[in-house]
Amino acid sequence: MLRWALLLLLLLLAACSKGAEADLPSIGEARSLAAEWALVNEQASQGHLTRHYVDTMRQSCREQIETAAKSLTQPQSPYGAEIAALLREPDDASPTVLRAHAIRLKQIEDSLESA
Amino acid sequence: MKPDAQIKLVSQLLDLPLVDKDDRWCGVVDDIELEGSAGRQMRIKALLVGPGAYRGRLPAWLFAFVCRVAGDRVAKVPVARIEKIAAVVHLDCAAEKLGLHVTEDRVRPWIPHRGAL
Amino acid sequence: MNPLELTLGIMTAVGGFVDISELVFAAQAGSNFGYALIWVFAFATVGIMVFGEMCGRVAAVAHQPVFNLMRHRLGLKLGFVTLIASVISTLITTSAEIGGLGLVLHYLTGAPYLLMAAASVVVLGASMWVLPFKWIERTYGLLGLMMLVFAAALVAIHPPWGEVARGFVPQVPQGLSTKELLKFGYFAVAITSAVLFPYEAYFYSSGGIEEAWGPKDLTTNRVTTTVGFALGSLLAIAILSMSAHLFRPLMVGPQLPGTSALEAAIPFGRTGLLLALLGMLIAIAGAAVETCMANAYSVSQFFGWEWGRHKKPWEAPRFTLAWSAFLLVPLAIVMTGVDVMTLVEYAILFSILVLPLSYLPLMLLANDKSYMRQYANKWLAKGLGWTYFVIVTAAAMAAIPLYVMTAGGQS
């Protein structure tokens with residue numbers, strides 16, 4: 001019984017840990033959203049999408065990235081700055097620019113995961 | 001199976017659905033009333049149907065909650081009204097004659113009687 | 001066996017197989033692990049074929065849906081626990097589907113998401129009121145065949161077919177870190193849960209009663225659950241494969257349910273996008289109807305109420321009130337603004353926890369010769385059934401630890 005209680009406590013503590021590792025899910029989320037945003041803009045520029053879809057997907061991407069940014073435990077970190085820079089991009093930003101943000105976030109993600 | 005045969009109360013009767021002579025669902029066997037006494041042959045006297053029959057089968061707090069939500073009504077289905085016991089208990093008369101279907105009939109006027117194909 | 005009925009049954013199963021959980025997890029599985037999780041979809045699909053066939057057989061032979069006899073098998077107390085657990089998990093699933101409907105309509109029309117969620121509940125409720133059971137099932141199932149655009153898109157993008165085929169072989173990718181292994185495990189559990197959702201058993205077995213199945217329909221049942229579910233599963237695998245081929249190289253997660261529609265837009269442009277969104281709309285709507293009715297079936301059957309859409313709504317008044325409530329309560333949950341992806345994750349999690357309790361009575365019933373006579377489980381159904389029961393029980397035990405350790409598959 002005591003063993004199970006300790007295990008549960010450890011799991012809860014692990015889930016609540018502060019620091020960069022705790023921000024990994026948010027970084028990954030922002031990275032994916034940047035890539036999705038880039039893909040939407042790329043397909044939109046090729047005339048493959050409807051106006052409503054483009055507008056709503058861009059809006060959803062931005063809202064979700066904002067949520068991820070707000071949940072960071074270290075918003076002043078390099079990844080926090082990168083996500084803030086991503087949010088400053090206009091809705092119709094170039095796919096190349098947006099993917100560059102995604103690549104940088106992926107690099108940060110990988111380095112944190114291997115640390 | 002006929003109701004006067006030997007029967008395993010829990011595995012062959014308790015918690016079986018009830019169906020009346022018009023093939024309408026009219027409750028579940030929530031408990032069983034027996035007649036006889038210890039050391040003598042026990043016979044089924046009636047099936048008890050309704051939330052009030054959950055007493056003793058649920059924890060007291062849960063029974064109190066169920067009664068608060070659904071009432072504590074119990075309908076008794078005399079064993080003579082059982083035609084057959086199979087995957088369901090078949091009754092030989094309409095549900096209303098046994099005090100079943102009461103809530104169904106009470107709720108029916110709330111439902112608009114139109115628009116369905 | 002009527003060939004037209006059989007064809008319709010298969011097509012209905014195909015169109016009705018995918019719901020928002022499968023859409024989300026198939027796309028995320030492909031982008032995270034390439035083709036390596038295809039075998040989990042295939043493996044879980046065999047499980048739902050086995051249990052689905054059993055549900056249909058019990059309905060056709062014992063003329064009882066599973067939940068009717070669940071209370072009889074488990075007793076009142078454990079039956080109550082099962083009822084409450086399955087109602088909660090299915091309620092969350094309905095909320096996820098309604099939220100998904102609101103989102104898809106938002107992508108299609110630009111109208112506010114919550115308004116679209118409310119509007120979709122009105123349409124769903126109207127369809128369930130007006131249409132008898134057979135036409136509810138056929139309408140959503142057949143219109144859901146628009147999802148075939150994903151299968152066509154997979155062919156159009158020329159994926160590495162060798163790798164797709166190799167994905168059907170049970171595997172764990174080489175060289176994964178501990179975190180990635182845990183994430184892989186989480187996805188395997190989540191996919192199993194999404195494919196084996198308990199509401200599918202309740203709905204399918206009750207549907208067999210609604211359609212007055214008898215022993216003559218056993219072949220239809222067997223063909224529908226094998227061919228229909230297999231083809232439906234291939235749609236989910238198509239979504240996964242396209243995500244592996246298109247999204248993974250671009251680091252797309254994906255985080256938004258609408259991103260899956262890009263899989264059809266990339267090869268087919270606007271037409272592909274619209275077909276994908278409409279297919280998703282109908283597939284999710286069908287799932288919303290199924291989950292809502294499954295809950296109404298469960299409650300009605302547990303308490304012995306009149307039930308079924310083969311009756312007019314006023315002929316089964318408490319059942320009608322039940323499905324109305326099971327539409328409105330999820331809408332209320334969606335109106336709180338909770339994220340649809342969060343609802344999907346919780347739906348998956350709660351459903352896997354309920355799976356063992358849901359399928360155990362089915363196994364006991366389908367094995368019972370006193371109900372099933374010569375149609376009781378033979379060695380193959382028995383063996384497969386108990387094997388999958390052990391697997392879903394193990395998955396249920398692993399679900400919460402994996403969810404916590406991987407932050408819901410995010411890390």
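Q: What pattern does chain B follow along the sequence?
A: This is a predicted model. In it, chain B reads α-β-β-β-β-α-β-β-β-α.

Q: How many helices and strands is that?
A: Three helices and seven strands.

Q: And what does the C-alpha trace of chain B span?
A: About 60 × 35 × 20 Å along its principal axes.

Q: How much of chain B counts as buried?
A: 28% of its 117 residues.

Q: Which strands of chain B form the open sheet, and in what order?
A: Four strands, ordered E2-E1-E7-E6. The pairing is mixed.

Q: Which ones are the edge strands?
A: Strand E2 (25-28) and strand E6 (82-85) of chain B. Each of them pairs on one side only. From one strand to the next, the twist averages 25 degrees.

Q: Take E1(B) and E2(B). Parallel or antiparallel?
A: Antiparallel, over two bridges. In that pair, Pro17(B) stands opposite Val28(B) of E2(B).

Q: What do E1(B) and E2(B) form, and what's in the turn?
A: A hairpin, with five residues between the two strands. Asp23(B) sits in the turn and has a positive phi of about 60 degrees.

Q: How does strand E1 of chain B run relative to strand E7?
A: Those two run parallel. Two bridges join E1 (residues 17-19) to E7 (residues 89-91) in chain B.

Q: Which residue in E7(B) is the bridge partner of Val19(B)?
A: His90(B).

Q: Switching to contacts between chains. How many residues of chain B are in contact with chain C?
A: 23 residues of chain B, against 26 residues of chain C.

Q: Which elements of chain B give two or more residues to that side?
A: E1, E2 and helix H3 (102-107) of chain B. E2(B) gives the most, with four residues.

Q: What's the makeup of that side by class?
A: The side of chain B that touches chain C has 14 nonpolar, four polar and five charged residues.

Q: What about chain A and chain C, how many residues are in contact there?
A: 28 residues of chain A meet 26 residues of chain C. On the chain A side, helix H1 (2-15), H2, H3 and H5 each supply at least two residues. H2(A) gives the most, with 11 residues.

Q: And how do the residues on that side of chain A divide?
A: Into 12 nonpolar, 10 polar and six charged.

Q: Of the two pairs of chains that touch, which has the most contacts?
A: Chains A and C. Chain A and chain B do not touch, and their nearest C-alpha atoms are 25 Å apart.

Q: What's chain A built from?
A: Five helices and zero strands. Along the sequence the pattern is α-α-α-α-α. Of its 115 residues, 36% count as buried.

Q: How much of the contact set in chain A joins residues 24 or more positions apart?
A: 71% of the contacts with a separation of 6 or more. In chain B, 43% of the contacts between residues at least 6 apart join residues at least 24 apart.

Q: Which residues of helix H4 in chain A are buried?
A: Tyr79(A), Glu82(A), Ile83(A) and Leu86(A), in the helix that covers residues 78-87.

Q: Why are those residues on the same side of H4(A)?
A: Because they cover an arc of only 95 degrees around the axis. On the other side of H4(A), Ala81(A) and Ala85(A) are exposed.

Q: What covers the buried residues of H4(A)?
A: The cover includes helix H2 (20-45), helix H3 (51-70) and helix H5 (95-114) of chain A.

Q: Now helix H13 of chain C. How far does it reach?
A: H13(C) spans residues 317-335, 19 residues in total. It reaches 27 Å from first C-alpha to last, close to the 27 Å expected at 1.5 Å a residue.

Q: Which residues in H13(C) are buried?
A: Among them are Phe319(C), Trp323(C), Phe326(C), Leu327(C) and Leu331(C).

Q: What covers the buried residues of H13(C)?
A: The cover includes H3 of chain B. From chain C it includes helix H4 (66-109), helix H5 (113-130) and helix H12 (262-303).

Q: Which residue follows H13(C)?
A: Gly337(C), with a positive phi near 90 degrees.

Technical notes:
Residues numbered from 1 in each chain as written. Chains lettered and ligands numbered in written order. Predicted model: local features only at pLDDT ≥ 70, side-chain atom pairs only at ≥ 80, totals over all residues. Pairing = 2+ DSSP bridges. Axes fitted to C-alpha atoms, helices over the stretch in contact; angles between N-to-C directions. Buried ≥ 20, exposed ≤ 12 C-beta atoms within 10 Å, placed from the backbone. Contact = placed C-beta atoms within 7 Å. Nonpolar A, V, L, I, M, F, W, Y, C, P; charged D, E, K, R; others polar. Arc of directions from axis to C-beta. Expected span 1.5 Å × (residues − 1).
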